[in-house]
Structure formats: C-alpha cells, structure tokens
Amino acid sequence: MHKHDVDTPALLLDLDAVETNIRTMAEFLAGKPASLRPHFKTPKCPEVARRQLEAGAIGITVAKLGEAEVLADAGLGPILMANEVVGPQKIDRLMALLSRGVDITVAVESAFNIQELADGAKRSGQRPAAIIEVDSGMHRCGTAEPRETVELARALVDAGIEYRGIMGYEGHAVLIADEEERREKTEAALAIVQEHVEALAEAGLPAGIVSVGGTGSHEIAATHPHVTELQAGSYVFMDGRYQEVLPRRFQGALTLLTTVLSVRDRYAVADAGMKSLTNEFGPPFSVDGGVKVARLSEEHATLTGEGIASLRPGDRIEVVPSHGDTTLNLHDRYHVVRGDEVVDEWPILAARKFK
Ligand SMILES: Cc1ncc(COP(=O)(O)O)c(C=O)c1O
C-alpha cells in the first residue's frame, strides 16, 4: 500500500531513517568510554528497542513502570528507570517485576523513598537495585549536594538495597539551539555530576553506573570523565524541534499523515487536532516546509503558508511533529514505511503508560 492510502490522522515511521539513526549512534559511540542505554520514552515500541539492543545498546532506559512492564513482557532489558518509584502501589509493581527476574534499576533521591523500597523488599522478599539521581542544574528531581548523595548511597547499602551508582539529566541544556551555549551548559551540568562521583569514591562508595545525557548533549557526554552510559532517546526519531537543534547527524523518521478537509483564501484545514498532534514545542510544519500548522483545535489543524495555494480538499499532507514524544503518545500504532510503501504496522505498546 502507498503511504498516502493510510487512513488519517496516522503516524508514519520511516524505517530507513530509524535504522540509519540507530547505526549512526552505534558508530559514533564505538570506541568511546560511554555506552548507550536509549530512552524508551521516545519510541515506546519494543520493535524499536529490540533494534537498538541488536546494535549494541547495553539496556533500555524508561521513565515509567508501565514502560518497564511493556519491555519486560517483550523480554527486553536490562532496564534503568531514570525516575523515582514512589507510593506503595508502584513499589509493589516494582517488586513484581523483580520477582519475574527482570533486571531493573530505579532512581532514588530521598531517604523516604529508600525506606519505601526497603519496606517493599521486606514484604516481597526481593532485593531492589537503585541509583541516586543528582540535580545537575535542571532543577527537577535530584540531590543538590554531594554530601546528600553520599548519605543516600550509604542509606541504600544499610537498607540492603543494591547501590549501583548515580544519574543526572541535563534537560535544561539539550534543546539549546546555539551550539556553544549548549556545550557550556552541558559541561557545567556534567561537572556537577562529576563532583558527586568523586565524593562517592572518596567515601568508599564508588558509582558503578554514571548515567547522563540526552540527544542534544550526547556528543559531549560520551567522552566526559566518569560517564559510563547515555540516556539519549530522541535521536532515534528526531522530531521537528530536535531537527532544528541538531540538523546534521540524525534524520527525521516520524511524520503525521493528515487529510485536507477545507481550503479557504488564506488558510486550509486538515483533520489532525490536539487529540492526535501536539504543538507545545512550536508549530509543526509539512515535510517540504511549505505549510505550517498555525493552530490546533481538538480535531482540526489550521494550515497557513505558501503551500496552501496548491492544496485541494482530500489531499494528504505529511506533517513533522515538533514534539514527537507527546504526539506519538496519543497514537496506538506506527505505519512503518520504506520509501513510499507501507511495509509493516508496529503497535506503540507503551503509549499512555504514564503510571
Ligand atoms: C531523564 C531523562 N533522560 C534522558 C532523556 C532523553 O533525552 P532526549 O530526548 O534529549 O534524547 C530524557 C528526556 O526527556 C529524560 O527525561
């Protein structure tokens, strides 16, 4: 089937681009000290994670237990959860994964949470493994001072939880378009992580895992002292925002196919609204750049730009989501294409797994 014959709105995934991106990252990291544990929050699809592991990834990073459960069902891992697991229901789900033999490491950043893990371990007879999340400047979760990190590492050991290292995510730096500024902010963030690594080593609690890095910082993080692995995720699809920030190394793989419903003098309207496309990272554009999604209502996209002059109702347009992760989270499947041909359909099994 030709890709434009798919019913809309629908996600198209360019398999050549996905394969190229996976290969490009593997080649870039070959011989470098850091390995890749790609973030599953981007593809949310075991078919993609399997290809990343086949290309040499040492495991998969996730944000949510629901994503970890999808990977575990597909037999993929080892899993690093770059997020805290808080609350008794989630602690029990974590213990259930461990009881299935899943190799999963979770992030912690408070004594409260370590106690929760210890209590869960006692209830279930399992032994969880954890890394400590460090705030390297994003000011989301994470310890502020190396002293706090050392205390938490000690608390993990005392509680009988397997202490595996630390993580930091420089999310405040990865999307900075100016290369110099991005490098500066990334290096400052990684220097903070390094202080924590050194304090842990001095305290006799060396960090085995030092996990950092997004797509926008992978180059710098890959050779930074002490970094053992990267969490980059977006590189595999390269959404519109990332194509602006890093226009060269990786290729855009994800588009949303839409149908034109209406053409008026100064605008046209297509059948993708905020229930199938997001725009918090700015207006999505058509692949050829001639049409811009100026506005979204629930089920309609208002299109502007010079490209609308040639549009007719019924035409198909491929739009590049500005934020791929939140757009694909609204969908259930990728229509996988090679060139213009649809060659497969992959379920997005972890879509909306936000628990
Ligand atoms: C903790 C964490 N690590 C890694 C990433 C991956 O970053 P990127 O999308 O830049 O590849 C994210 C992105 O949200 C994240 O939250």
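A: Start at the ligand. It has 13 residues around it, and Tyr169, Gly214, Thr215, Gln231 and Ser234 come nearest. A residue is near a molecule here if its C-beta atom, placed from the backbone, lies within 6 Å of it. By class, this shell has 8 polar, 4 nonpolar and 1 charged residues. Ala, Val, Leu, Ile, Met, Phe, Trp, Tyr, Cys and Pro count as nonpolar; Asp, Glu, Lys and Arg count as charged; the others, Gly among them, count as polar.

The model is predicted: local features need pLDDT of at least 70, side-chain atom pairs count only at pLDDT 80 or more, and totals for chains, interfaces and linings use all residues. Residue numbers run from 1 along each chain as its sequence is written.

Now helix 7. Helices (H or I, at least four residues) and strands (E, at least two) are DSSP runs, numbered from the N terminus. Just after helix 7, Gly204 has a positive phi of about 80 degrees.

Which residues of helix 7 are buried? They are Arg182, Lys185, Thr186, Ala189, Leu190, Val193, Gln194, His196, Val197 and Leu200. Buried means that 20 or more other C-beta atoms, placed from the backbone, lie within 10 Å of a residue's own. An α-helix has 3.6 residues a turn, so residues three or four places apart point the same way. The buried residues of helix 7 pack against strands 6, 7 and 8 and helices 6 and 8. Contact means C-beta atoms, placed from the backbone, within 7 Å.

Next, the largest nonpolar core. It has 100 residues, and Leu13, Leu71, Met81, Ala130 and Val212 have the most contacts inside it. Helix 7 gives this core its largest share, 5 residues. Such a core is a set of buried Ala, Val, Leu, Ile, Met, Phe, Trp, Tyr and Cys residues joined through C-beta atoms within 7 Å.

The core draws at least three residues from each of domain 1 (3–10 + 248–347) and domain 2 (32–236). These bounds come from an automatic or database domain assignment. The domain centres, taken over C-alpha atoms, are 34 Å apart.

Key
Buried ≥ 20, exposed ≤ 12 C-beta atoms within 10 Å, placed from the backbone. Contact = placed C-beta atoms within 7 Å.
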